[in-house]
Amino acid sequence: MQAIRNFFGRTSWSSAERLDDKTVVITGANTGIGKETAIDLAKRGAKVIMACRDMERAQAAVKEVVESSGNENIVCMKLDLSDSKSIREFAEAINKAEPKLNILINNAGVMVCPYGKTADGFEMQIGVNHMGHFLLTHLLIDLIKRSAPARIINVSSMAHSWGSINLEDINSEKSYDKKAAYSQSKLANILFTRSLAKRLEGTGVTTYSLHPGVVQTDLWRHLNGLQQAVMKMVSPFTKSSAQGAQTSIYCAVEPSLEKESGGYYSDCAPAECSAAGKDDNVAQKLWELSCQLLSITWE
């Protein structure tokens, strides 16, 4: 039983840390973990920008965050991570309007979906979960550096443990296994976090990746009947979205992490990622490939 609980994760953590005068961007903030993270950081006094694809749902979520937190300084902005044009427009709007960006939480994701491609021709899971957030971070990095001390948080998953980076076929064009593609994208989040930490040494900007726990969220919608039945069976061990958001919040606000960078966290504590998650050679190659495919220069 304890092993099962460890797998799903159940540690409580709390902090009275305030975020007054801080600005936060959270992708995929209109539902699940993203929305719960927004509520918590709003309660701490931050200005929260909820970056969402579906503006109708986003506006309803903003109302909920304002009501739950008592903080009116909450806005939603359109961001479609499957389209680099949308990412560029979003980043341009932020860079123009915001004097600072103290916390970026790359939270949005798609999971085990049928094969599909983004507007830029990437396989959907690597495209949204990794490439979209890589480009977004690149476009906001100067503003983030000017706002130091600042933090960048990438929501990964323990599913990264079953993944590998296929540099020869990053878009799964030769063969597609939706679980393998998801695991690859979550491993990419961890490698990106490591690479980014190295490049940001001495800037006052720190990076974190994390496993939120197995959470009952909309991400399950692509599971088949049998998989959904299994998830129902284990649901007593899974987390609510509010519990699932705790490690994102911990990485965003915990004062003792201020000097830590590039690490992986689970259950509001440092955790071990897979050996593949520590492979700096593959991390560097993935960085170069990402830059090449996105047509950007990021040394």
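A search of the whole structure turns up ten salt bridges, a salt bridge being a side-chain nitrogen of Lys or Arg within 4 Å of a carboxyl oxygen of Asp or Glu. The model is a predicted one, so local features need pLDDT of at least 70 and side-chain atom pairs count only at pLDDT 80 or more, while totals for chains, interfaces and linings use all residues. Residues are numbered from 1 along each chain as its sequence is written, and side-chain values use heavy atoms, with hydrogens and water left out.

One of these pairs is Lys 47 with Glu 98, whose closest N and O atoms sit 2.8 Å apart. Lys 47 belongs to strand 2 and Glu 98 to the loop between helix 4 and strand 4 (103-106), so the pair ties together parts that are 51 residues apart in sequence. Helices (H or I, at least four residues) and strands (E, at least two) are DSSP runs, numbered from the N terminus. Both Lys 47 and Glu 98 are buried; buried means under 20% relative accessible area, exposed over 50%, and partly exposed in between (1.4 Å probe, protein chains only).

Helix 4 has pairs of its own. Lys 85 bridges to Glu 89 with 3.1 Å between the closest N and O atoms, and the two are four residues apart in helix 4, about one turn of the helix. Lys 85 counts as exposed at 55% relative accessibility, whereas Glu 89, at 45%, counts as partly exposed. Lys 96 pairs with Glu 92, here with 3.3 Å between the closest N and O atoms, and these residues are also in helix 4, four residues apart. Lys 96 is exposed at 67% relative accessibility, and Glu 92 is partly exposed at 45%. Elsewhere, Arg 194, Lys 198 and Asp 280 are linked in a network of salt bridges.

Turning to the strands, strand 2 (residues 47-52) and strand 3 (residues 74-78) pair in the parallel sense over five bridges; strands pair if DSSP finds at least two bridges between them. Cys 52 has Lys 78 as its bridge partner in strand 3. Together with helix 3 (residues 55-69), strands 2 and 3 make a right-handed β-α-β unit, where right-handed means that, with the strands pointing away from the viewer, the path from the first strand over the helix to the second runs clockwise.

Strand 5 is parallel to strand 4, joined by four bridges, and Ile 103 has Arg 151 as its partner in strand 5. Strand 4, helix 5 and strand 5 form a right-handed β-α-β unit. Six bridges join strand 5 to strand 6 (residues 205-211), again in parallel, with Thr 206 the partner of Arg 151 in strand 6. The chain gets from strand 5 to strand 6 through helix 6, in a right-handed crossover. Six of the six residues of strand 5 are buried, so the strand is largely enclosed by the rest of the structure. Ala 150, Ile 152 and Asn 154 cover one side, with Arg 151, Ile 153 and Val 155 on the other.
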